[in-house]
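Please look over the sequence and the model below before reading on, and keep both in view.

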Amino acid sequence: MPRLADVAELVRAPAALSVPGDVVAGAAAAGTLGPRTPALAGASVLLYWAGMAANDWADRDLDAVERPERPIPSGRVSPAAALGLAAGLTAAGVALAGAAGGRRAVAVAVPLAAAVWGYDLRAKNSAAGPPVMALCRGLDVLLGASGGRPVRALPAALTVAAHTWTVTALSRREVSGADAALPLGTLAGTALVAAAAGLPPRAADRPGVTGAAPDGQGTSGRRPGRGTDPLAVARTVLPAALAAWYTVRYGTAQARVVAEPTAGRVRAAVGAGITGLPALQGALTARAGAGLLGVAVAAAAPLARRLARKVSPT
């Protein structure tokens, strides 16, 4: 049996801190935050770890050349154990989603699991790699929205998917390095993602808001001439602040790649994209009106960075 530390390295355990925020952001956007949300987030983590284990199983021959220190080529985890773990985590993730969210959650979890395995086994080394990985993250956001109206969570899902596309595109150059055009393109994408997450929402975009109140009260809850509504201010300031945090963390790492596109700097940018994702998820959560919860989601970012020093997220 492999040691727990080797399994944690295999599934890149700290990177899972970037996962629950997908579900939380989706639930907040759809107005379905509640007791089922933590369980759905747990299902998402299981499916993520399954994908990490399946990824190393699929890459075992390549890793033997490029990353011989990884758990499988180093002999610390057998290929059979890695494949079995990936299958078991997949089954557990789908089962937990069904127990928490019923058929509607399973209807998202099954395609999500299929996309994860499809990426690892077929799409990863092809031009389809970035869009398929983006699909995985987009479906993860919609898993959180599965108990309500998922259409409300589509903007959040597309935003997280776009971020994931940039990280995946960079990750394909973790070993060889990249030319400056790639990080310039992903940096432009990051700017658009941050703008989408940080801009204040229209009143009609907030869960449960369909238009102006009949007594003339604005949808932000503020009556004309009575000062500024602190909730409206929070909905404006918090998403912008968290999106700026995300931009500084991930954007700076990409700017370093532009200046010197070596493999080491590409890996650092990929790590920043993974560990900085909670800040983006927090911005989307706050944008949906759950400000304090958005801050809590974003707080996973510094913790993920600390843990990444012990177990690589890439």
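**A walk through the chain**

Of the 314 residues in this chain, 47% count as buried. The model is a predicted one, and everything said here should be read with that in mind. The chain has 13 helices and zero strands, so that, because strands and helices are both taken from DSSP runs, the elements read from the N terminus as α-α-α-α-α-α-α-α-α-α-α-α-α.

How are parts of such a chain linked by their side chains? The structure holds ten salt bridges, and three of them are followed here one after another.

Asp 6 forms a salt bridge with Arg 76, and the closest N and O atoms of this pair are 2.8 Å apart. The two residues belong to distant parts of the chain, since Asp 6 sits in helix H1 (residues 4-10) while Arg 76 lies in the loop between helix H4 (60-66) and helix H5 (79-123), 70 residues apart. Are the two partners buried or exposed, or in between? Asp 6 has a relative accessibility of 4% and therefore counts as buried, whereas Arg 76, with a relative accessible area of 28%, is partly exposed.

A second salt bridge is formed by Lys 124 and Asp 59, whose closest N and O atoms are 2.9 Å apart. Lys 124 lies in the loop between H5 and helix H6 (129-144), and Asp 59 lies in the loop between helix H3 (36-58) and H4, so this pair ties together parts that are 65 residues apart in sequence. Lys 124 is buried, with a relative accessible area of 9%, and Asp 59 is buried too, with a relative accessible area of 13%.

Which residues are linked in a network of salt bridges? They are Arg 3, Asp 6, Glu 9, Arg 12, Asp 56, Arg 70 and Arg 76, a list that includes both partners of the pair Asp 6 and Arg 76 described above. One member, Asp 56, has its place in helix H3 and is buried, with a relative accessible area of 1%. The side chain of Asp 56 also makes a polar contact of 2.7 Å with the side chain of Arg 70, another residue of the network.

Arg 12, a further member of the network, is found in the loop between H1 and helix H2 (20-30) and is buried, with a relative accessible area of 5%. The backbone of this residue deserves a second look. Most residues other than glycine have a negative phi. Phi of Arg 12, however, is near 50 degrees, which is a positive value in a residue other than glycine.

Thr 90 has its place in helix H5 and counts as buried, at 13% relative accessibility, while a polar contact of 2.9 Å joins the side chain of Thr 90 to that of Trp 117. Tyr 48 has its place in helix H3, the helix that also holds Asp 56, and Tyr 48 counts as buried at 16% relative accessibility. Although Tyr 48 and Ala 15 are 33 residues apart in sequence, they are 9.0 Å apart in space, taken from C-alpha to C-alpha.

Note on methods: Residues are numbered from 1 along each chain as its sequence is written. This is a predicted model: local features need pLDDT of at least 70, side-chain atom pairs count only at pLDDT 80 or more; totals for chains, interfaces and linings use all residues. Side-chain values use heavy atoms; hydrogens and water are left out. A salt bridge is a side-chain nitrogen of Lys or Arg within 4 Å of a carboxyl oxygen of Asp or Glu. Helices (H or I, at least four residues) and strands (E, at least two) are DSSP runs, numbered from the N terminus. Buried means under 20% relative accessible area, exposed over 50%, partly exposed in between (1.4 Å probe, protein chains only). A polar contact is a pair of N or O atoms within 3.5 Å; within protein, one must be able to donate a hydrogen and the other to accept it, and residues adjacent in sequence count only if both atoms are side-chain atoms.
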